[in-house]
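Subject: Structure handover

Hello,

Please find the structure below. My notes on what was found in it follow.

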Amino acid sequence: MFAHLTPQKLFSLEGKVVLITGGAGGIAAGLSAGFAAAGARLVLTDRNESVERRAADLRAAGADVTTEILDVTDAERTQAAIAAIAERAGGLDVVVNNAAIIVRKHFLDLTIEEWRRVIDVDINACFTVAQAAARIMVKQGSGRIINMGSIMGHVSRPILTPYVTAKNAIHGFTRALAADLAATGVTVNALAPGYTITEFSEAGKKDFHDFVADWIPLKRWGKPEDLCGAALLLASAAGAYVNGQVLYVDGGFLAVTK
Ligand SMILES: NC(=O)c1ccc[n+]([C@@H]2O[C@H](COP(=O)([O-])OP(=O)(O)OC[C@H]3O[C@@H](n4cnc5c(N)ncnc54)[C@H](O)[C@@H]3O)[C@@H](O)[C@H]2O)c1
């Protein structure tokens, strides 16, 4: 009964090729584990060989993973690498624009080089990756583009000007792509985490950690695994009609004021 609507069918990524940029990162660890558990064939890319260690851990747990060392700010190489990856894998079903950097500095102290560096990785490179992926997906007549947004795409706090700017851009970029890719079979959504414990976040600073945990209605920081369910929704048949959305996974952070 209702065999096509079982969770196993709806959320399955069996045999699907899923490419994650910044694949050695903290949130990528959670996403990779969730996608692998749903049957995906993972392609993890990152700017250095740390991605090989991540892949080895995942393979040890039974995942199907290949890797590619790829600096996503190198537009030409990124376009070529994504085309080659899809060629080798026989397609590209899901791409996660996950790589990002952050520079924490007051606006008055920021250099133009620091501003450009963040904008280049956090938004310009997402253009390159999404366009390379979309060209393949449009030909296939199917695909999912997931851009990593942030609560900082909606609110702000001090010393984060370039990052907040880039994440706002990611949310708009997501809606714009959903419009341009209409009727192609490709959906585009943003997954917007709240405060999630990784090296990227400021979890090491105890005062800040406790302040944030107290603010969040769920009274704790997010873990990378907290993003698996939402990511799987956006990547799988379960999310077929979800398009152009920013899906916040923030423990309720944006819902309350302090
Ligand atoms: N951790 C959080 O609290 C949080 C909150 C909201 C949004 N996010 C977003 O989630 C995503 C992942 O964040 P994370 O916390 O896992 O960070 P992370 O630093 O652990 O991972 C980011 C990865 O991107 C890679 N990277 C950076 N520049 C690159 C480049 N030029 N080319 C290729 N790879 C590059 C890094 O090597 C790293 O492995 C980011 O888009 C971030 O903005 C994180």
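Lys167 touches Gly149, Ser150, Met152 and Gly153, leaving out residues up to four places away in sequence. Two residues touch, or are in contact, if their C-beta atoms, placed from the backbone, lie within 7 Å. Lys167 lies in helix α6, and this residue is buried, with 26 other C-beta atoms within 10 Å. A residue is buried if 20 or more other C-beta atoms lie within 10 Å of its own, exposed if 12 or fewer, and partly exposed in between, with C-beta atoms placed from the backbone. Lys167 and Asp122 are 45 residues apart in sequence, but 7.4 Å apart in space, C-alpha to C-alpha.

Before going on, note that this is a predicted model: local features need pLDDT of at least 70, side-chain atom pairs count only at pLDDT 80 or more, and totals for chains, interfaces and linings use all residues. Residues are numbered from 1 along each chain as its sequence is written.

Thr165 also has its place in helix α6, which covers residues 161–180. Thr165 counts as partly exposed because it has 18 C-beta neighbours inside 10 Å. Between Thr165 and Asp122 there are 9.4 Å in space, C-alpha to C-alpha, and the two are 43 residues apart in sequence.

The loops on either side of α6 each hold a residue to look at. Ile159 is found in the loop between β5 and α6, and its phi is near 60°, a positive value in a residue other than glycine. Ala183 is found in the loop between α6 and β6, with phi near 65°, again positive in a residue other than glycine. Most residues other than glycine have a negative phi.

Next, the overall fold. The protein chain has 8 helices and 7 strands. Helices (H or I, at least four residues) and strands (E, at least two) are DSSP runs, numbered from the N terminus. The open sheet of 7 strands has the order β3-β2-β1-β4-β5-β6-β7, with parallel pairing. β3 (64–69) and β7 (246–249) stand at the edges with a single partner strand each, so one side of each has no neighbour in the sheet. On average, neighbouring strands of this sheet are turned by 20° against each other, direction ignored. Two strands pair if DSSP finds at least two bridges between them.

Strand β5 (residues 143–148) runs parallel to β6 (residues 186–193), and 6 bridges join them. Ile145 stands opposite Val188 in β6. β5 also pairs with β4 in the parallel sense, over 4 bridges, and Val95 stands opposite Ile145 in β5. How many residues of β5 are buried? The count is 6 of its 6 residues. Gly143, Ile145 and Asn147 point one way from β5, while Arg144, Ile146 and Met148 point the other way. In a regular strand the side chains alternate between the two faces of the sheet.

Helix α4 (residues 75–89) lies across β1 (17–20), β2 (41–46) and β3, running at about 160° to β2. Helix α8 (residues 228–235) packs on the sheet and touches β1, β4 (94–97), β5, β6 and β7; its direction makes about 145° with that of β5. Axes are lines fitted to C-alpha atoms, for helices over the stretch in contact, and angles run from 0 to 180 degrees between N-to-C directions. In α8, Ala230, Ala231, Leu232, Leu234 and Ala235 are buried. What covers the buried residues of α8 includes β1, α2, β4, β5, β6 and β7.

There is also a ligand. Of the 26 residues around the ligand, Gly22, Gly25, Ile27, Ala100 and Phe200 come nearest; a residue is near a molecule if its C-beta atom, placed from the backbone, lies within 6 Å of it. Helix α2 (residues 26–37) gives the largest share of this shell, 3 residues. The shell divides into 12 nonpolar, 10 polar and 4 charged residues. Here Ala, Val, Leu, Ile, Met, Phe, Trp, Tyr, Cys and Pro count as nonpolar, Asp, Glu, Lys and Arg as charged, and the others, Gly among them, as polar.

Finally, buried residues make up 43% of the 258 residues in the protein chain.

Regards
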